[in-house]
Amino acid sequence: MKVPTARRALLSGLFIGVLSGVLSGVLSISCSGKTADSGAAGAAGSPAQGSAKTGDRPAASGREYQIAWSVWTGYMPFKLMEVKGFLAKRAADKAIKVKLVEFPAYMDSVTAFAAGKLDGCAMTAMEALQPAAAGVDTVAIVVNDTSNGGDGVLVRGIDDLKGLKGKEILLAELSVSHYLLARGLDSVGMKEADVKIKNTDGDEAGKAFVADPQVEAVATWNPHLFQAVEGGKGKVIFSSKAIPGEIIDLLVVNNSALKEQPALAGVLTEAWYDAMKAIEDPATREESIAIMAAGAHATVDEFKKMTGGMELYTDRAKGAAFLEADTTKATMEKIKKFSIDHGLVKDTHFAIGYGAKATEKLRFDASYAAAR
């Protein structure tokens with residue numbers, strides 16, 4: 001099984017340095033050794049010619065807008081949007097061209113968005129901070145999901161978080177796993193200096209725990225968590241259930257694309273909620289799950305188990321409320337502090353905006369999700 005965990009590979013501490021070159025157009029984008037078709041590698045930077053018009057204003061040279069996603073449980077509705085034609089219909093209604101581009105490697109999609117090669121991208125809130133802090137005008141228009149037990153600290157022979165003192169913990173540094181551990185340690189009055197972090201790809205950390213009884217502690221995600229617990233090999237002593245709404249997946253768009261084509265955000269949002277309706281409707285739910293499971297290279301049963309560790313925002317009103325909620329604002333301040341403390345964001349005065357009238361480089365705008 002190729003489990004849907006691609007989005008967990010997070011930006012390295014070198015991101016900002018690399019991004020300065022990216023924004024100058026010197027970085028070429030590739031997807032696991034192969035270039036995506038006219039969309040992923042650069043079509044967003046080289047618009048197709050044409051004369052299509054929208055119901056609102058002329059599309060810029062009729063170009064095709066490129067929206068990236070990668071394989072992660074909470075992003076699989078993008079596959080559903082594509083297969084069932086939800087996005088195609090919404091785009092046709094506005095006479096614009098929008099294409100979903102699946103990236104085999106999550107980081108390639110984030111880097112492409114940062115480079116201006118894409119008009120939108122599915123990414124975590126922590127990632128969204130970084131290109132925005134480096135100057136990319138970024139607008140979050142949809143909350144896809146939040147982790148609800150799908151990420152955790154997995155241990156053997158250790159009773160609780162305090163038992164981690166002096167222990168080596170395998171995790172991907174500067175990732176959501178790192179953030180999760182930091183939040184857990186803080187909850188019991190401990191600091192990162194109290195443990196020994198060994199930088200390890202999060203997926204590999206999970207595999208190592210299951211395979212090697214000498215590995216005492218890792219921060220990872222499902223399916224490694226439930227595989228270890230169900231196999232009697234370990235237990236989860238802290239998970240994202242303890243910090244609800246803090247590990248966030250978003251659909252973000254470049255504001256330059258919204259200025260160029262105001263209908264774009266509405267098209268994407270409506271197509272997303274078309275997919276949510278299909279998932280929620282008993283008449284189409286099983287077919288929808290089957291489509292998403294196939295896209296994730298998992299069986300239906302495996303995919304259903306994966307969804308148990310996250311909250312997919314199928315309720316439109318709830319999703320809209322989340323984007324501008326006080327709790328979300330507080331969470332983003334925590335994520336921003338972590339990002340600044342660990343050098344992911346260099347500007348200590350970086351601000352995040354909320355609402356349709358906000359002007360900050362990163363802002364959460366619920367107006368599209370709230371619209372009908």
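Hi everyone. Let me start with a term: a residue is buried when its relative accessible area is under 20%. With that cut-off, helix α4, residues 106–114, is mostly covered, with eight of its nine residues buried. Those buried residues are Tyr106, Asp108, Ser109, Val110, Thr111, Ala112, Phe113 and Ala114. After α4 comes Gly116, and its phi is positive, near 80°.

Before we go on, please keep in mind that we are looking at a predicted model. So how confident is the predictor? The mean pLDDT of the protein chain is 85, and 84% of its residues reach 70 or more. There is one stretch to flag, though: over residues 9–59 the pLDDT is below 50. That stretch still has 114 contacts in the model, beyond near neighbours in sequence. As a reminder, where pLDDT is low, the predicted coordinates should not be read in detail.

Now for the whole chain. The protein chain has 15 helices and 13 strands. Of its 372 residues, 55% are buried. If you take the contacts with a separation of 6 or more, 80% of them come from residues 24 or more positions apart. As for the surface, the chain exposes about 14700 Å², and carbon and sulfur atoms supply 51% of that.

On to the inside. How many residues does the largest nonpolar core have? The count is 102, and the residues with the most contacts inside this core are Val98, Leu164 and Met332. Helix α10 gives the largest share of the core, 11 residues. Apart from this core lies another one, of eight residues, including Leu170, Phe209, Val218 and Leu225.

Let's zoom in on Val98. Leaving aside residues up to four places away in sequence, Val98 touches Glu64, Tyr65, Ile67, Leu87, Ala91, Leu264, Val267 and Leu268.

That leaves one more piece, the packing of α10 against α11. Helix α10 covers residues 263–280, and helix α11 covers residues 285–295. The two pack at an angle of about 120°, with their axes 6 Å apart. Which residues meet there? From α10 we have Ala278, Ile279 and Glu280, and from α11 Arg285, Ser288 and Met292. By type, the residues of this contact are three nonpolar, one polar and two charged.

Note on methods. Residues are numbered from 1 along each chain as its sequence is written. This is a predicted model: local features need pLDDT of at least 70, side-chain atom pairs count only at pLDDT 80 or more; totals for chains, interfaces and linings use all residues. Side-chain values use heavy atoms; hydrogens and water are left out. Buried means under 20% relative accessible area, exposed over 50%, partly exposed in between (1.4 Å probe, protein chains only). Helices (H or I, at least four residues) and strands (E, at least two) are DSSP runs, numbered from the N terminus. pLDDT is the predictor's confidence in each residue, from 0 to 100. Contact means heavy atoms within 4.5 Å. Axes are lines fitted to C-alpha atoms, for helices over the stretch in contact, and angles run from 0 to 180 degrees between N-to-C directions. Ala, Val, Leu, Ile, Met, Phe, Trp, Tyr, Cys and Pro count as nonpolar, Asp, Glu, Lys and Arg as charged, and the others, Gly among them, as polar. Accessible areas come from the Shrake-Rupley method with a 1.4 Å probe; for residues, only the protein chains shown count as cover. A nonpolar core is a set of buried Ala, Val, Leu, Ile, Met, Phe, Trp, Tyr and Cys residues joined through side-chain atoms within 4.5 Å.
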